[in-house]
Amino acid sequence: MSDPVRQARRITRPVVLVGLMGVGKTSIGRRLASALDRDFIDADEEIERAADRTVAEIFEAHGEAYFRDGERRVIARLMEEGHGVIATGGGAFVDPETRALVIENGLAIWLDCDIDTLVERTSRKNTRPLLKTGDPRAILRDLKEQRSPAYAQAQIHVVTGDGPHEVAVERIIEELAAWQ
């Protein structure tokens, strides 16, 4: 076991991945949890399980405000349960209550990358409710501009780029090892 991994494993708080859709929170989160020998949970999957509906169906039937309220409650429960690595939906950390909860009880890591990478990644599946309303590039650019001030409040910021997720995991582990 490398020294950075050993150092990163000393963190007992839940590690909560935040950032825009398509940045790799779930894919990177699974690999990070494995490297840290901790469990992984995806908040959106938990929301879907609890509601017995997809995120898109919840958005369509009830709107974003309703979804965010349920999302806040699910993330609070996941934090309380003490999961090791939690991937959140792209808008979760923008909610002031959710953000405060994560910062107080967890360690937020903002995963960030360029718009071209986000457009390419999000185009792989048609399950992103916010991208169904217009030009995905313009929407992602606007979301990045609007949400970056909230994401910037995360304790750690890692730019993932379009390279292999293993590289992003190594960067996160280095940041976790250095975090005080």
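This is a predicted model: local features need pLDDT of at least 70, side-chain atom pairs count only at pLDDT 80 or more; totals for chains, interfaces and linings use all residues.
Biologist: What is the strand order in the open sheet?

Modeller: The open sheet has five strands in the order β2-β3-β1-β4-β5, and their pairing is parallel.

Biologist: Which strands stand at the edges?

Modeller: Those are β2, residues 40–42, and β5, residues 156–159. Each has a single partner strand, so one side of each is left without a neighbour in the sheet.

Biologist: And by how many degrees are neighbouring strands turned against each other?

Modeller: On average they are turned by 25°, with direction ignored.

Biologist: Let us turn to β4. How many bridges join it to β1?

Modeller: Four bridges join β4, residues 107–112, to β1, residues 15–18, and the two strands run parallel.

Biologist: What about the pairing of β4 with β5?

Modeller: That pairing is also in the parallel sense, over four bridges. Within it, I109 stands opposite I156 in β5.

Biologist: Is β4 mostly covered or uncovered?

Modeller: β4 is mostly covered, as six of its six residues are buried.

Biologist: Which residues lie on each side of β4?

Modeller: One side holds L107, I109 and L111, while the other holds A108, W110 and D112.

Biologist: New topic: how many cavities of 30 Å³ or more does the structure hold?

Modeller: The structure holds one. The largest cavity contains about 40 Å³ of space.

Biologist: Which residues line the largest cavity?

Modeller: The lining consists of G19, L20, V23, W110, L111, D112, C113, L118, K144, S148 and Y151. Both β4 and α8, which spans residues 136–151, supply at least two residues each to this lining.

Biologist: How many of the lining residues are nonpolar, polar or charged?

Modeller: Seven are nonpolar, two are polar and two are charged.

Biologist: Why is E46 classed as buried?

Modeller: The relative accessible area of E46 is 12%, and buried means under 20%, so E46 falls in that class.

Biologist: Which residues does E46 touch?

Modeller: Leaving aside residues up to four places away in sequence, E46 touches I41, V74, R77 and L78.

Note on methods. Residues are numbered from 1 along each chain as its sequence is written. Side-chain values use heavy atoms; hydrogens and water are left out. Two strands pair if DSSP finds at least two bridges between them. Axes are lines fitted to C-alpha atoms, for helices over the stretch in contact, and angles run from 0 to 180 degrees between N-to-C directions. On a 1 Å grid over the protein atoms alone, a cavity is a set of points where a 1.4 Å probe fits but cannot get out, and a pocket is an open set with protein on both sides within 12 Å along at least five of seven lines; lining residues have an atom within 4 Å of a point. Grid points are joined across faces, edges and corners, and a volume is the space filled by probe spheres set on the points. Ala, Val, Leu, Ile, Met, Phe, Trp, Tyr, Cys and Pro count as nonpolar, Asp, Glu, Lys and Arg as charged, and the others, Gly among them, as polar. Buried means under 20% relative accessible area, exposed over 50%, partly exposed in between (1.4 Å probe, protein chains only). Contact means heavy atoms within 4.5 Å.
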